[in-house]
Amino acid sequence: MRADPRLAGADLKLEARRIAAKVDSLFSSYLALPGDGRDRLFEAMRHAGIGGGKRLRPLLTVATGRLFGLAEDRAVRAGAAIEAIHVYSLIHDDLPCMDDDDLRRGKATVHCAFDEATAVLAGDCFHDLAFEILADPATHEDPFVRSELVLAMARASGPSGMAGGQMLDLVAEGRSLDFGAITRLQQLKTGALIEFSVEAACIMGRLPPEARTPYRGYARDLGLAFQIADDLMDHSGDESRAGKRLHKDADAGKATFVSLLGEERARQQCHVLVEQAIQHLHDHGAEADLLRGLAYYVEERDR
């Protein structure tokens, strides 16, 4: 008999805390203060990277890795590399030349807690750290697997992925976008790294590309649901729970799923996407419950 697809909330929170602690421990080991003029840079990186955040991306990698029997510590390393890319993007997004934010994950943004130059370098170094972790044999013994991981993450985070989506977001301010344009923007800006979080485990599990189709479908639908939930949170969420400033998109005149669809239709679309994501896992039993639980968490995160 197939397990209940909803992972109990307490179990999901426990898993999230456990994986977050492993990511923090790995970051801490890489970011020990060197005891010289670079200390301020390492302190800024520790400020941004250790503590806070839901660690959704590492958790996705670990959860997908369980389907293929991956050693958890290796999946955590790959997930931490993806989280490093995510942290670099947040540091740079918060800069005055981008979104000019002063609050992230419930604490001062890096350029406010330190200074702009240090924030730029901290973001740069998290970008470098991500590839250092992936290229390390401790992540996977097969150099061909590590090479594929590096290539896929470069594509997911560069102009064909996250950074390209951020550029589309910048030029979209004050413009009217249709559903297709917003979807494409968000599939790059937010979705590409979420999709790679699942793809990384497929790569490490040595799944051939044609066998990855259901997992790519799950990740694609989850990524869009995540962004709709994020738009809903920005529209009507609780700033203290979000740990960041809200209502920024409306203030900047940005088109979002909520501004286009309205709040109720956006919630319905988020629900449909979550159900579609879960359906992609129909060939799996209880071993996919964490992935199912994460999908439901994404839908409910703005409430």
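The structure is a predicted model, and its secondary structure comes to 15 helices and two strands. With a radius of gyration of 19 Å, close to the 19 Å that the globule rule gives for 303 residues, the chain is as compact as a globular protein of that length.

**Overall shape and surface**

- Along its principal axes, the C-alpha trace of the chain spans about 60 × 50 × 35 Å.
- When contacts between residues at least 6 apart in sequence are considered, 72% of them join residues at least 24 apart.
- The chain carries 37 positive and 48 negative side chains, and the centres of these two sets lie 3 Å apart.

**The nonpolar core**

- The largest nonpolar core has 88 residues, and those with the most contacts inside this core are L60, F126, M153, F196, Y218 and L294.
- Helix 9, which runs over residues 179-204, gives the most to this core, contributing twelve residues.
- M153, one of the residues with the most contacts inside the core, is in contact with A81, I82, I85, A130, F131, L134 and F196, once its neighbours within four places in sequence are left aside.

**A81 in helix 4**

- A81 lies in helix 4, which covers residues 72-93, and A81 counts as buried because its relative accessible area is 0%, where the cut-off for buried is under 20%.
- Not counting residues up to four places away in sequence, A81 touches A130, I133, L134 and M153.
- A81 and F27 are 54 residues apart in sequence, and their C-alpha atoms are 9.5 Å apart in space.

**Helix 8 and its cover**

- Helix 8 runs over residues 162-171, and its buried residues are M162, G164, G165, Q166 and D169.
- The cover over these buried residues of helix 8 includes helix 4, helix 7 (143-157) and helix 9.

**Two arginines with positive phi**

- Most residues other than glycine have a negative phi, which is the background for the next two points.
- R55 has a phi near 55°, a positive value in a residue other than glycine, and the place of R55 is in the loop between helix 2 (39-49) and helix 3 (56-67).
- Although R55 sits in a loop, R55 counts as buried, because its relative accessibility is 2% and the cut-off for buried is under 20%.
- R105 likewise has a phi near 55°, again a positive value in a residue other than glycine, and R105 lies in the loop between strand 1 (103-104) and strand 2 (107-108).

**E287 in a loop**

- E287 lies in the loop between helix 14 (263-279) and helix 15 (289-300).
- E287 touches R66 and L67, not counting residues up to four places away in sequence.
- E287 and K189 are 98 residues apart along the chain, and a distance of 30 Å separates their C-alpha atoms.

Definitions and conventions. Residues are numbered from 1 along each chain as its sequence is written. This is a predicted model: local features need pLDDT of at least 70, side-chain atom pairs count only at pLDDT 80 or more; totals for chains, interfaces and linings use all residues. Side-chain values use heavy atoms; hydrogens and water are left out. Helices (H or I, at least four residues) and strands (E, at least two) are DSSP runs, numbered from the N terminus. The radius of gyration is taken over C-alpha atoms; the globule rule is 2.2 Å times the number of residues to the power 0.38. Contact means heavy atoms within 4.5 Å. Lys and Arg count as positive and Asp and Glu as negative; His and the chain ends are not counted. The place of a charge is taken as NZ of Lys, CZ of Arg, CG of Asp or CD of Glu. A nonpolar core is a set of buried Ala, Val, Leu, Ile, Met, Phe, Trp, Tyr and Cys residues joined through side-chain atoms within 4.5 Å. Buried means under 20% relative accessible area, exposed over 50%, partly exposed in between (1.4 Å probe, protein chains only).
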